[in-house]
Amino acid sequence: MEKFELFENERATAYDSFVKNWIPNYNVFLNMIPHLFNDSTNDKLLAVGCGTGNEILVLKQNGYNGSIMGIDPSPEMIAQATHKLKDYEDIVLKEVLVSQLTIDHQFNAATLILVLHFLKDDGDKLDLLRDISIRLEPKALLIMLDITGNNMEIRKNLEILEQLLLPDMDQNEIAKRLERIYLELHHVSEQRIIELFTEAGFEEPTKFFQSTIYMGWMARKKN
Ligand SMILES: C[S@@+](CC[C@H](N)C(=O)[O-])C[C@H]1O[C@@H](n2cnc3c(N)ncnc32)[C@H](O)[C@@H]1O
């Protein structure tokens, strides 16, 4: 069974305010996504780890008229996504892991936003990327946002992240969270991201966005 990090209780209910406070330029990144999936070659999208549905909402608000399947292992996150997206059509939300989807259903676009860094680089990251890749048509585009960098880069970018946080945030909470990011989340170097994508069946990924520790990547499934 594929590994996952379950978002539940306050971590789920407070997620939307958390993500805005803690990830500088999160909305800037999200607002790029509709421009990147803007034609009929990207009209069957799989949003892996869609959480409360932020990436799906920005696509639908910007006129994306393809079909979207959003999946997430957390029932609480899926419940919020269901509520948030109730006015939009062609969206299916499921409380499942990618590995639980049939491979007969193929997609031509995918997102993996803020998920991969929860998985260890002991085969779990590769498994998730492979599970996505085998459900994609050749040349399908995957867009990812993830904590990326070697230890030194992460350390330096965490200092910058700290400077960008809102001044009224609790200082103890900031210290605890920055420590957790450094010690407990499974960030890997840019080079390792490139290796993982290519091993999983993607062409070499392109880094197209960075805001402190968060990097945006895109890659096409190999032919
Ligand atoms: C930080 S949230 C990101 C949510 C959303 N993508 C966003 O940008 O707002 C991470 C989400 O990934 C989900 N998750 C954790 N492990 C997963 C896995 N192995 N496969 C898919 N989703 C996973 C969690 O339940 C959570 O909802």
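A crossing of two helices counts as left-handed if the near helix is turned anticlockwise from the far one by less than a right angle, and as right-handed if it is turned clockwise. Keep that handy for the first view. Everything below comes from a predicted model, where local features need pLDDT of at least 70, side-chain atom pairs count only at pLDDT 80 or more, and totals for chains, interfaces and linings use all residues. Residues are numbered from 1 along each chain as its sequence is written, and side-chain values use heavy atoms, with hydrogens and water left out.

**View 1. Helix 6 crosses helix 9 in the right-handed sense.** Helices here are DSSP runs of H or I with at least four residues, strands are runs of E with at least two, and both are numbered from the N terminus. Helix 6 (residues 124–133) packs on helix 9 (residues 190–199) at about 45°, with the axes 9 Å apart. That makes the pair oblique, the label for whatever is left once angles under 35 degrees (roughly parallel), over 145 (roughly antiparallel) and 65 to 115 (roughly perpendicular) are taken out. Axes are lines fitted to C-alpha atoms, for helices over the stretch in contact, and angles run from 0 to 180 degrees between N-to-C directions.

View 2. Strand 2 (residues 67–71) runs parallel to strand 3 over four bridges, and Met69 has Val92 of strand 3 as its bridge partner.

**View 3. Phe37 and Leu114 touch the most other members of the largest nonpolar core, which has 47 residues.** Such a core is a set of buried Ala, Val, Leu, Ile, Met, Phe, Trp, Tyr and Cys residues joined through side-chain atoms within 4.5 Å. Leaving out neighbours within four places in sequence, Leu114 contacts Tyr15, Val19, Ile23, Tyr26, Leu145 and Tyr214.

**View 4. Asn223 sits exposed in the segment after strand 7 (214–220).** Its relative accessible area is 75%; buried means under 20%, exposed over 50% and partly exposed in between (1.4 Å probe, protein chains only). Asn223 still touches Pro138 and Lys139, not counting residues up to four places away in sequence.

Key
Pairing = 2+ DSSP bridges. Contact = heavy atoms within 4.5 Å.
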